[in-house]
Amino acid sequence: MKPSHTIVLFATLLAMGCTPSLDDQVSVSRGADFFAENCAACHGTNARGDIGPDLTLLSRNNGGTFPEIQTLATIYGPAYHQSRGTIMPEFGADDLGPLVVVEVEEGVGTPIPADLIALSEYLQTLQR
């Protein structure tokens, strides 16, 4: 997991009874697997876009910074999809693993499914 993620896990993990395997659930390799199974059909195996947009340019198109929150919202939510009229599936309705509380703003923890964090980690490695 990248240092850019400040994960607030202690209370959440204790409450959920999670084990140290959480690192595996949010790993780049798990994100790559998720991408291959769920995203490659539209975005291409190299994420450069077939039907969907080129996902290797997210940072470049955002002033050199990976737009993590926007990317997570795009993948997860029906509100984003409905407002944009996109054909992308709504992954938020699926089981995306245990919730991990991530500090997206200083002092504000937000529960995010582990598979989405893993996918975000993977997409960050593809930026050019």
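I'll start with the core. The largest nonpolar core has 22 residues, and the ones touching the most other members are Phe35, Val100, Leu119 and Leu123. Two or more residues each come from α3 (28–38), α5 (68–76), β1 (99–105) and α7 (114–125). The biggest contributor is α7, which gives six residues. As background, nonpolar side chains in soluble globular proteins tend to be buried together. Please keep in mind that this is a predicted model.

Now the overall layout. The protein has seven helices and two strands. Starting at the N terminus, the order of elements is α-α-α-α-α-α-β-β-α. There are 128 residues, and 38% of them count as buried. Among contacts with a separation of 6 or more, 50% are between residues 24 or more positions apart.

What does leucine 119 touch, once its neighbours within four places in sequence are left aside? The list is Gly31, Phe34, Phe35, Cys39 and Ile75.

The partners are phenylalanine 35 and tyrosine 122; their ring centres are 5.6 Å apart and their planes are at 50°, so the pair is classed as tilted. It links distant parts of the chain, with phenylalanine 35 in helix α3 and tyrosine 122 in helix α7, 87 residues apart. Both phenylalanine 35 and tyrosine 122 are buried.

Next, a residue in a loop. Where is phenylalanine 66? It sits in the loop between α4 (40–43) and α5. Is phenylalanine 66 buried or exposed? Its relative accessibility is 13%, and the cut-off for buried is under 20%, so phenylalanine 66 counts as buried. Leaving aside neighbours within four places in sequence, phenylalanine 66 contacts Leu58, Ser59, Thr71, Ser120, Leu123, Gln124 and Gln127. Take Ser120 from that list. Phenylalanine 66 and serine 120 are 54 residues apart along the chain, and their C-alpha atoms are separated by 9.3 Å.

Last, helix α5. Its buried residues include Glu68, Thr71, Leu72, Thr74 and Ile75. These residues cover an arc of only 160° around the axis, which puts them on the same side of α5. The general rule is that an α-helix has 3.6 residues a turn, so residues three or four places apart point the same way. Two of these residues have come up already: Thr71 is in contact with phenylalanine 66, and Ile75 is in contact with leucine 119.

Key:
Residues are numbered from 1 along each chain as its sequence is written. This is a predicted model: local features need pLDDT of at least 70, side-chain atom pairs count only at pLDDT 80 or more; totals for chains, interfaces and linings use all residues. Side-chain values use heavy atoms; hydrogens and water are left out. A nonpolar core is a set of buried Ala, Val, Leu, Ile, Met, Phe, Trp, Tyr and Cys residues joined through side-chain atoms within 4.5 Å. Buried means under 20% relative accessible area, exposed over 50%, partly exposed in between (1.4 Å probe, protein chains only). Helices (H or I, at least four residues) and strands (E, at least two) are DSSP runs, numbered from the N terminus. Contact means heavy atoms within 4.5 Å. Rings of Phe, Tyr and Trp (its six-membered ring) pair if their centres lie within 6.5 Å; planes under 30 degrees apart count as stacked, over 60 as edge-to-face and the rest as tilted. The arc is that of the directions from the helix axis to the C-beta atoms.
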